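Dear colleague,

Please find below the structure that I am handing over to you. My findings follow directly after it.

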Amino acid sequence: MLGGAGILVGVAAGPAQAAEVSYATRCVPPAASGLDPVEGTTKVEITAPATAKVGDEIEVVWKFVQAASKNPDLIVLPKDSVKPTGTLKASGAQTADIAMEGPQENPEIPKGGDMVLSDMTGKVKLTTAGDVTLTPDAYTITAYSTDTKCTPKEAVPAAATIKVTAAEGGSTTSGGSTSGGTTTSGTTTSGGSTTSGGTTSGGSTSGGSTSGGSTSGGDDGQTDFAGKTVTTSFACTSPGPAKIDSSATINAKKNGGSYDLTVKTAEGVMDSPAPLPAGALKPSMVITVGGDDSGSLKVEGPANKDALNTGDPVSLGDMTGTYKPGADGKATLSPGDLTIVVTLSAGSDPITIPCKATKTAVSLELDVQKQAGGVSGATTSGSGSSSGSSSSSGSSSSSSGGGLAETGANDHGGLRALGLVAGTVILLGGAIFTFMPRKRLR
């Protein structure tokens, strides 16, 4: 049994007492995850004062001696990624549901390791003299905006009893049982609203701030061509944000009959949902070719150079690739579908986040001459492949050939873990990974 001490609020409160109870528990992950409920035994230690007086506000502590299940063999859970909340029931002389909440603090939890949850605390103001018993009830495991609900499968024995006496010089507060009480330990946030990768309005338009590229060079000996910055929107599949509003600029440098492309996006397109090490996040994008030429090609960017903390803005590195014309005439280049591949820790399965372009526009127009093996005949790839690719089952977009980074992981367990509405369940009782969009970017 792990130790623990209650912090008492109120001069009259007596010495702390601690008691441990065990109860059968059923933990239900989000329905969209496809994971079966987890059943196991929860062991809880409740610390509270042994005696107190009417009018005292006391603090109680809920310590998880053992969670109902372990972290499954899908992924390592990062440090400080899991947060518990729950309800402690007061009964007897006074009834109340005491809201319990713990900080988002945990060690790194390995695959198959014991689930480690932080201690929860809550407060209740005592209103009635008599014996008040405290019994643990349901609790929720929140990781990056998605909840796993754990409820008792049997009657739970009381964990502690507080003997409440009347306040000095006053009569016992009447009214028998008080329902609800004043029982908050702060706002219990159980993950907030879940982004579900929903549909975004706007359709696939060629609108935006510009419709034509900045240069139609070719015969003057010009080699560098600067594209115009165009407004873009993307609808992402979970665990990505439902929508990313950003901008993109396609620049080109002539290299023989081909063009080396560099695609820049706006900074801070989303918030990091967890601490991410350097090299964890790698972007790629499909560039749509139009005008007298047709087809698509892929550009890829480097992984993040610096580590990210929870809530840090995520910016995508410049993506590069090669455009080899497949026709003569004027070719237009527009940003298309975006893919982000995230690897949470060394040895873990990569998480692929496909984002379909719902709003785009032509960023660059070039005067081109057809080259053997040009884009109309084969999709050109960027510098290196996205991490975690094995066989592409990704969104087809308009690419003809190389296409996007795959939308699956290396094993079916990882694929199953990606099937969420609001995040990727890697759970036991629930570890979810969900990016959140940032405000619309200039």
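Of the 442 residues in the chain, 50% count as buried. Please bear in mind that this is a predicted model. The chain exposes about 17,800 Å², and carbon and sulfur atoms supply 50% of that area. Its secondary structure comes to one helix and 25 strands.

The largest nonpolar core has 39 residues, and Ile46, Trp62, Leu88, Met115, Leu134 and Tyr139 touch the most other members. At least two residues of this core come from each of the following strands: E1 (16–28), E2 (38–49), E4 (57–66), E5 (83–92), E6 (96–101), E7 (120–125), E8 (130–143) and E10 (160–165). Leaving aside residues up to four places away in sequence, Leu134 touches Ile46, Ala48, Val60, Leu88, Lys89, Ala90, Ile98, Ala158, Ala159, Ala160 and Ile162. There is also a second, separate core of 38 residues, with Met270, Ala280, Leu308 and Cys355 among them.

I turn now to the cysteines. A search of the whole structure finds two disulfides, and with bonded cysteines counted along the chain they follow the pattern 1-2, 3-4.

One of the disulfides joins Cys27 and Cys150, whose sulfur atoms are 2.2 Å apart. This link is right-handed, with 115° about the S-S bond. Cys27 belongs to strand E1 and Cys150 to strand E9 (residues 146–152), so the pair ties together parts that are 123 residues apart in sequence. Both Cys27 and Cys150 are buried.

The other disulfide is formed by Cys236 and Cys355, with 2.1 Å between their sulfur atoms. The torsion about its S-S bond is about 105°, so the disulfide of Cys236 and Cys355 is right-handed. Because Cys236 lies in strand E12 (residues 230–236) and Cys355 in strand E21 (residues 351–359), this pair ties together parts that are 119 residues apart in sequence. Cys236 and Cys355 are both buried, and Cys355 is also one of the residues of the second core.

As for the aromatic residues, the structure holds five aromatic pairs. One of them is the pair of Tyr259 and Tyr323, which is stacked, at 6.1 Å centre to centre and with 25° between the planes. This pair links distant parts of the chain, since Tyr259 is in strand E14 (residues 258–265) and Tyr323 in strand E19 (residues 319–323), 64 residues apart. Tyr259 is buried, as is Tyr323. Elsewhere, Trp62, Phe64 and Tyr139 form one aromatic cluster; Trp62 and Tyr139 are also among the residues that touch the most other members of the largest nonpolar core.

Is Glu300 buried or exposed? Glu300 is found in strand E17 (residues 295–300). Its relative accessible area is 1%, and Glu300 therefore counts as buried, the cut-off being under 20%. The side chain of Glu300 makes a polar contact with the side chain of Lys298, at 3.3 Å.

With kind regards

Terms used:
Residues numbered from 1 in each chain as written. Predicted model: local features only at pLDDT ≥ 70, side-chain atom pairs only at ≥ 80, totals over all residues. Heavy atoms only, no water. Helix = DSSP H or I, 4+ residues; strand = E, 2+ residues; numbered from the N terminus. Buried < 20%, exposed > 50% of the residue type's maximum accessible area, 1.4 Å probe, protein only. Polar contact = N/O pair within 3.5 Å; in protein donor to acceptor, adjacent residues only side chain to side chain. Core = buried A, V, L, I, M, F, W, Y, C linked by side-chain atoms within 4.5 Å. Contact = heavy atoms within 4.5 Å. Disulfide = S-S within 2.5 Å. Phe/Tyr/Trp six-rings, centres within 6.5 Å; stacked < 30°, edge-to-face > 60°. Areas by Shrake-Rupley, 256 points an atom, 1.4 Å probe, with all protein chains shown as cover.
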